[in-house]
Amino acid sequence: MTNRRPILGLAPVAALLVVASVPGPTLGHGPNPLMGTKTWDRDQVVGYQWASGAVPPSWMAAAIDAAAADVAESRKSRAATFVRQSSAPSRIWYSYPSICPAYGIACMDRSGVPDSFSMWFRPHGYRYDWGTLRWCQQSTDPANGCYDAENVALDEFGHVEILDHHVNFADDSDYLDSVVQAYARAKPRTGWNEHVFGRCDVARLQLEYELRTTFDLVSTCLDLNTTLTIAASATMVSAGETVRFTGKLGIVAASSARRLSGDPLSGRAIVLQRRAVGGTTWSTIATLTPTTSVGSYAVSVTPSATYDYRLSFSASSTEGLNSSTSSAIRVSYAACWDTAVRARLAGAPCA
Amino acid sequence: MAKRPWPILVGSAAIVVAAVVVASNLQPAARAGGRAVAAVPGTCRQSPARTANPDPGATWRLADRLDAGGSMVGRTLAVGHGGSVELALDLPVEGSARGPVDGLVVVSADDGWRSEIRLVSATEACSWLVASLDDVVRSAVYDAANKVVVAHLVDRVTRADRGIWRVSAFAANDEVPAQIAPPAGAAAAALGTIWTTDLRVDATARRLAIQQCSQAGCVTRLVDLRGRRGIQIVGRRPALQGGLIGLAPRSIVTWDWCPGLPCPILAWDLATGDPSLLTEGAIAAALTGDGRHLVLVKSAPGGTTLRIDLVSRAEHRIEPFEAGALPLADGPGALVGLEVEADEIAIGAFDGDPRPFRPAAAEALK
């Protein structure tokens, strides 16, 4: 058996190494811009009530409450949720003097964040230069040209969160990337009755409020670099011994990642790759399994020769992350280590 | 509280003395040739513009009327002084009120067949029919210096913009209005469908601002009411301009184009056409009639309140208004009006009586 000299040191090494990220394709125009700077607390439950003297009719009330539920179901982040309560500091008005611009069919004031918000809706039948505002929910069989109140209310709740209007492509081909749009589409135009946040709404919510859990998918409207580190329980092994490789996957610390900066990522597929010393081809030999630590993965292997090892994260097209690989770590293999090595490294295999 | 009988415009018996269908694009569809609505109690004996004078304290309030299902079925207009209502008037859904100026409220009302423009005198507690038109009158304002009513019309069938027209305030539905500004056309091409049109006459009565907004932004045209200059367009990039706040001698003051509140406020230099930032964010603002002082509230009622001198650009924090009170906006969405002096603004709560406020007299806080 040939003795081989360890390269990285004589003790079991935890090598924390930085990564190379592969830029992903540009998706859409990116997350919605910010509206203001103040956010709610993460996962804050914000109560609202109808304003006295401006209680919406039942069909509008149902649409607004449904939109509040849509927020909770589609936020995919720790953004605030909204719940109607019998008494709450936030108010919603239907047909009432407001401070909204005349051209809006609904609007909101978020200057009270993180304590309260206000929201207003124009009444069914209100006249504009172009004609009459009709809310679809007012009728059981609404004619074309009506506006979906649940969609519009969801847009307003998005503003209340912190979302500005999405910046669409010139041809509006990415309109469905966001429900928080400068203009709502009337029935039957595509998107007129969307009742979930679009991926670019979610992207901004994730940036400002973080993921609900480290397992959640990152919106495909984002394009975030990841970092993957590697550590080995030993860099010198002899026959039959195992090495435990652990890795940590996270979002690269960067101001552009906002609150996601440096956050760990769990539940992703991380593989262990190796190559022969001097080689250039990496081969996948194992898939890591999650550990009890968030964003951490591990696998044990029993080397039979000296190899360089690295971890690899291949980003899925279902989320807005870029692939990354760890740096390489060499694990040297020998049937037995000589006395000099053993003197420097307690526990080195073989007497 | 005094409440006097008032003609109901919708459904009132109409006596059309003469009908002249005007087909020219240069004239609105109008019925001319005399009074179109029979004299009824509350009708002025002559145009109240003949005797009108500044009447600080004259006020109006517009409230939407809804049916049990939440559909708008009309509006109720109350005109008076301070807290007292002198006149109450039922308007159709397509009804507006602007002013008061010299104690006169300009009221438009469309019954689905015809639109009327009335001058309602808060001082004399009566109304005067100025014009009855086949086109739809969206809103109208009173130019007291020139004694004319300026109205925005849209086509009854297509709702296409018909431009801005004026008619003498002394007219008794016997004058064909004259167009003073065409539809926005190319000036507003980038806007797409127009949602609202706002009309403002400046303190000197030399300029009329016509602001049109869509879901993409706003564009303002300035018309020289003396006819010496062409129409100036302010804000060729509509996505930068939001609703009009007021006219200053050398600028117009607007909201930024915002999805909600708080929102920045901009001053558009009339010489260069460029906007400059007056404040990063506010939820309510009003400009004095003389264009000198802007008053704004930065957050919910009771929040930081500022006075900005548009000449020096000096900004001072002033004492917040009483609970719930905010600067009251003018414009097509306004539901309350109060006649104030040129150096004042109107403030009030949504459901309270408005009152005047003189920014220059407010103590600056340190």
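## Where chain B meets chain A

Across the interface of chain B and chain A there are 15 residue pairs in polar contact, both partners at pLDDT 80 or more. A polar contact here is a pair of N or O atoms within 3.5 Å; within protein, one must be able to donate a hydrogen and the other to accept it, and residues adjacent in sequence count only if both atoms are side-chain atoms. Strands (E, at least two residues) and helices (H or I, at least four) are DSSP runs numbered from the N terminus. Sorted by type, the chain B residues on that side come out as 19 nonpolar, 14 polar and seven charged. For that sorting, Ala, Val, Leu, Ile, Met, Phe, Trp, Tyr, Cys and Pro are nonpolar, Asp, Glu, Lys and Arg are charged, and the others, Gly among them, are polar.

A quick word on the ground rules: this is a predicted model, where local features need pLDDT of at least 70, side-chain atom pairs count only at pLDDT 80 or more, and totals for chains, interfaces and linings use all residues. Residues are numbered from 1 along each chain as its sequence is written, chains are lettered from A and ligands numbered from 1 in the order in which they are written, and side-chain values use heavy atoms, with hydrogens and water left out.

## How much gets buried

Counting contacts (heavy atoms within 4.5 Å), chain B puts in 40 residues and chain A 33. Together they bury about 3100 Å², with carbon and sulfur atoms giving 60% of that. Trp195(B), Pro259(B) and Phe350(B) supply 25% of what chain B buries against chain A, more than any other three residues. Buried area means the accessible area (1.4 Å probe) that two parts lose on being put together, summed over both.

## Salt bridges

Two salt bridges cross the interface of chain B and chain A; the rule asks for a side-chain nitrogen of Lys or Arg within 4 Å of a carboxyl oxygen of Asp or Glu. Arg138(B) makes one with Asp129(A), and their closest N and O atoms are 2.6 Å apart.

Over all chains the count comes to 31. One sits within chain A, between Asp172(A) and Arg185(A), at 4.0 Å from N to O. Both residues are in the loop between helix H2 (149-161) and helix H3 (199-209) of chain A, 13 residues apart.

## Two open sheets in chain B

One open sheet has four strands in the order E4-E3-E2-E26, paired antiparallel. Strands E4 (84-91) and E26 (336-338) of chain B are at the edges with a single partner strand each, so one side of each has no neighbour in the sheet. Two strands count as paired if DSSP finds at least two bridges between them.

The other open sheet runs E25-E27-E28, again antiparallel. Two bridges join E25(B) to E27 (345-348) of chain B, with Leu326(B) opposite Gly348(B).

Most residues other than glycine have a negative phi, and most peptide bonds are trans. The bond from Lys187(A) to Pro188(A) is cis, with omega near 10°. Gly99(B) and Pro100(B) are also joined by a cis peptide bond, omega about -5°, and Pro100(B) lies in strand E5 (95-101) of chain B. Lys76(A) has a positive phi, near 50°.
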